[in-house]
Amino acid sequence: MALCAKKRPPEEERRARANDREYNEKFQYASNCIKTSKYNILTFLPVNLFEQFQEVANTYFLFLLILQLIPQISSLSWFTTIVPLVLVLTITAVKDATDDYFRHKSDNQVNNRQSQVLINGILQQEQWMNVCVGDIIKLENNQFVAADLLLLSSSEPHGLCYIETAELDGETNMKVRQAIPVTSELGDISKLAKFDGEVICEPPNNKLDKFSGTLYWKENKFPLSNQNMLLRGCVLRNTEWCFGLVIFAGPDTKLMQNSGRTKFKRTSIDRLMNTLVLWIFGFLVCMGVILAIGNAIWEHEVGTRFQVYLPWDEAVDSAFFSGFLSFWSYIIILNTVVPISLYVSVEVIRLGHSYFINWDKKMFCTKKRTPAEARTTTLNEELGQVEYIFSDKTGTLTQNIMVFSKCSVHGRSYGDVFDVLGHKAELGERPEPVDFSFNPLADKKFFFWDSSLLEAVKMGDPDTHEFFRLLSLCHTVMSEEKNEGELYYKAQSPDEGALVTAARNFGFVFRSRTPKTVTVHEMGTAVTYQLLAILDFNNIRKRMSVIVRNPEGKIRLYCKGADTILLERLHRCTPELLNATTDHLNEYAGEGLRTLVLAYKDLDEEYYEEWAERRLQASLAQDSREDRLGSIYEEVESNMMLLGATAIEDKLQQGVPETIALLTLANIKIWVLTGDKQETAVNIGYSCKMLTDDMTEVFVVTGHTVLEVREELRKAREKMMDSSRAVGNGFTFQEKLSSSKLTSVLEAVAGEYALVINGHSLAHALEADMELEFLETACACKAVICCRVTPLQKAQVVELVKKYKKAVTLAIGDGANDVSMIKTAHIGVGISGQEGIQAVLASDYSFSQFKFLQRLLLVHGRWSYLRMCKFLCYFFYKNFAFTMVHFWFGFFCGFSAQTVYDQYFITLYNIVYTSLPVLAMGVFDQDVPEQRSMEYPKLYEPGQLNLLFNKREFFICIAQGIYTSVLMFFIPYGVFAEATRDDGTQLADYQSFAVTVATSLVIVVSVQIGLDTGYWTAINHFFIWGSLAVYFAILFAMHSNGLFDMFPNQFRFVGNAQNTLAQPTVWLTIVLTTVVCIMPVVAFRFLRLNLKPDLSDTVRYTQLVRKKQKAQHRCMRRVGRTGSRRSGYAFSHQEGFGELIMSGKNMRLSSLALSSFTTRSSSSWIESLRRKKSDSASSPSAGADKPLKG
């Protein structure tokens, strides 16, 4: 296994010669052995402990343990720290060991798989780990690919083979790969054994969709691309056998290169806790210094008089040194203000919340059999603090199931159905769909409503025929015919499938293809076209073309692509046709349809031959191959003739408008980042209720230069400010605004605004000198739509908001183009849709439908935040109440670092007596039921404002803990000073005092958690009262004869607990202490509930009233969505398939009845806090203490 971890210098290029291990070994390439495990038997303990002690908390407690081993300063036994520390380290180590065991098991299973390797002219069985670069491997059907291979030959014609890439990119549809023609004939062992070609290619990298290399063989050069490669992790399908040459092995394969860890994300509560722990440590040091000074003074003034009775230790020679030792002793005693159990409890609570998400049946998609999944346990409470959502459109808001809806052919639009009065018929009023029975190969699932298009086809209209001929030829779809006439299309994108299916139904049936031909049945007649070239799609070109020669020998280029790209490349001889088609495109986009423009160009033989030679030379280039090919493609795709346009419908997912409306009411701002054109994006905004007719204004930014974009943003800000001033004149609104910060003013403007910005404008807006202006304008808007954006721009927009706004961001998407955005946001959500699972693999949470987002945030997120905040408040309270008693006792014991409690009580307090009740509250508590959380989205706002746990709340908890500790010490101290037992003897002995204080403490914190618990379950009852019972059981056991007989040196005080708790005075003291500690809390909460209730209090009260009155109707009622749901187009296509083939190769949500609560003060306090936060927050413009420029 050592080979797996061998480090090598970085490569500049990879050289691999077939059947020559000796030559390849000199490059020291990685073997095919993989190692994902971290430990072995020898390294586990030291490495795991080293990793664990990199945690500051663990190192801190190890330091305390070392201090406790020094007898001169330790007044506590070492086991009070080592027991919880070892427990935590052991639990973590067992978890790590279990995980690593399964990694070892998986590694061994993979490394020991068998593969057929050609060695010395003979196929031999070899383990995967023994496969080397340059080996030739034989794969058989349904086998996993062992390494990254160059496909040499296969059982299929033309060297084709079919693979499934689900393990690589999550896509389950089969893809085709093809050997280059020169090696496709190397089908038998003898020829392969003599093959000595050398591949020179790019070094190992993680780009799954790109490969650039050259094969040198027989003094010739042959270009290699990704379509010639079989990557590790793929499975061979529908192919009897194939042979491949190993190019990359083991850790160098693209699968392993992509297995890097995702960046670790921390929540705002985590960051706050780290700060608070440092503050507490500083407070601990201060207390230690005070008590150490007290010890030095006491020893100097008083202690010297008692040297006979209380002599100093041998090492102590002065009062100052005694104080120094006392400081460290008190650091040990008081360290429980931050117990190690805090960190363990937080992780347990987060794990519980994650399981609740995984088990939620209301987030389970029955159709896809897909549950919601929390892929991380560290971000749950941050789900309750989201202020900005960045969403993809296609496949996230829409279904990504494409339907051919309309088209424009030579200036005439088809697809609309008109009634007798000439009005467009709505969906429910349409007649029967078009009858395609004339075509035996038609897809019965395809529907079209405008019969005039079929009539044009039947009449032999040449433009219509050319239109559908283009759709049947210009694509990368693979056809499979299982039975005669039963065609199955395998398209790499839903758009292509929809277009080819439309051509199929209208009589132009794509039937089959070979690397050099495409066969189409045109109106029942089989026509075979020679496929000369495929100019493949990519995100920059946004178009694809094919060059074919028809049976008459005529060469023609067919092209389809985005309108913004293709319209610039058309011949200008037909302006009327261009204008008519452009009008149709705008009409289709206005209806939310995804549009493509179609064009063609005739080529003469001489030009094509010369162009093809230049294309070949460009494809052989080692450097800048893609740029050179791009310029060659650009040249031929010019002066094309316009044919028409297509319009595809991508319907909204169910529940999208309701979800967006609900999240908007929760004061969450939603930004849609899409590749669609502007008109489509705006229409989708209206369809899903992001944009409404009630909005004050929708700003559209379309500037092509920096100055134009800056001016449009400035005008938008001016309009918002003018509107605010107008409102302020009548309602003193302006007086409420802080004029010191521009962003604060903008975000408090009256009215609702939206911003729509194009990709080219966004590129300028994201430049360093304008990004703040863009952010200020966008954040003042209720909704933002960015269209025509690239994946990189999506991530840049998210990063911009993260950088300048103190707000939690969430990104949601379903495709590979959303991965960068998902990883950049605080929380990434992946939707398992039609585009594979790349987004899911990169996400923190995943589910199958956008509508589940409202439940994830408003229920699970809000509850997780509430529970974690209540847990932390109570935890710090109970530990300060517990620990500060030692501080007060120090003033009465000569600052000698004597503890109040028994050392066993100190050990068990946090891990037995008080751990389970607070865990139960942290896992199960809820303020209102889930239905109310959805009905009252305003309940979400305290999390956005971080109201439930912040520095103020922390200090309140600390103050309550210190108050409790004062009463906990001084009430028993005052009582015991004069109290006597039933027999008249003095009650005040040290052990009785310790039992009384400890019992009071356990009872007080148990009552307190009872008050803090808002939702009682059987588990809460069992843990709270069970912990009390366990305390008394252990207390009596430790003071029993049995333990004394077994451990006489450890349990000396036999019967102390029984004797102490048998005294009525003790119980009266305990009751008095409990009442005095708890009553102020009860009184404060009672007054707050009556004088200034928050919204959750109001909702709970309303719920009680409903139950009492047994109301017939619920306050909240959903109104059904009306109108069609439409969306717009983004060319969802991948690069590479063309080269492969050629190588042979609308519902208005109700107002949610919040009106009954808006008049109460319950919501006004949130608004005032929001304004206060907005006014005090730093402006993104770094001191924008300036007025808007006119």
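Two strands are taken as paired if DSSP finds at least two bridges between them. In the predicted model described here, strand β5 (residues 148-154) and strand β13 (residues 241-248) run antiparallel and are joined by six bridges. Within this pairing, serine 153 stands opposite phenylalanine 243 in β13. Both strands belong to an open sheet of six strands with antiparallel pairing, in the order β3-β2-β4-β13-β5-β11. The edges of this sheet are formed by β3 (122-127) and β11 (229-230), each of which pairs on one side only.

The protein chain as a whole contains 41 helices and 33 strands. It has 1190 residues, of which 57% count as buried. The mean pLDDT of the chain is 82, with 86% of the residues at 70 or more. For residues 1-6 the pLDDT is below 50, and this stretch has eight contacts in the model beyond near neighbours in sequence. The pLDDT is also below 50 over residues 1176-1190, a stretch with 28 contacts beyond near neighbours in sequence.

A second sheet is open and has nine strands, in the order β14-β33-β32-β31-β15-β27-β30-β29-β28. Its pairing is mixed. The edge strands are β14 (373-374) and β28 (697-701), and each pairs on one side only.

On one side of the pairing pattern, strand β22 (residues 525-535) and β23 are antiparallel and share five bridges. Alanine 533 has isoleucine 547 of β23 as its bridge partner. Strand β24 (residues 555-561) also runs antiparallel to β23, and seven bridges join the two. Here the bridge partner of methionine 544 is lysine 560, in β24. The hairpin of β23 and β24 has five residues between the strands, and glycine 553 in this hairpin takes a positive phi near 90°.

In a regular strand the side chains alternate between the two faces of the sheet. For β23, one side carries Arg543, Ser545, Ile547 and Arg549, and the other carries Met544, Val546 and Val548. Both faces are covered, as the residues on each side are all buried. Seven of the seven residues of β23 are buried, so the strand is largely enclosed by the rest of the structure.

Nonpolar side chains tend to be buried together in soluble globular proteins. The largest nonpolar core of the model has 97 residues. The members that touch the most other members are Leu342, Phe871, Leu872, Tyr901, Phe905, Phe949 and Leu1001. Helix α27 (residues 852-890) gives the most to this core, contributing 18 residues. With neighbours within four places in sequence left aside, phenylalanine 871 is in contact with Leu342, Ser345, Val346, Ile349, Val918, Met921 and Gly922.

Alanine 881 is found in helix α27. Its relative accessibility is 0%, below the 20% limit, and therefore alanine 881 counts as buried. Not counting residues up to four places away in sequence, alanine 881 touches Tyr901, Gly961, Thr964, Ser965 and Leu1001. The C-alpha atom of alanine 881 is separated by 8.0 Å from that of methionine 968, although the two residues are 87 residues apart along the chain.

The cysteines were considered last. A disulfide is a covalent bond between the sulfur atoms of two cysteines. With a cut-off of 2.5 Å between cysteine sulfur atoms, the count comes to zero disulfides. For cysteine 234, the closest cysteine sulfur is that of cysteine 161, and the two sulfurs are 9.3 Å apart, so they are too far for a bond. Cysteine 234 is buried, because its relative accessible area is 1% and the limit for burial is 20%. Cysteine 1077 also counts as buried, at 3% relative accessibility.

Definitions and conventions:
Residues numbered from 1 in each chain as written. Predicted model: local features only at pLDDT ≥ 70, side-chain atom pairs only at ≥ 80, totals over all residues. Heavy atoms only, no water. Helix = DSSP H or I, 4+ residues; strand = E, 2+ residues; numbered from the N terminus. Buried < 20%, exposed > 50% of the residue type's maximum accessible area, 1.4 Å probe, protein only. Core = buried A, V, L, I, M, F, W, Y, C linked by side-chain atoms within 4.5 Å. Contact = heavy atoms within 4.5 Å. pLDDT = per-residue confidence, 0-100.
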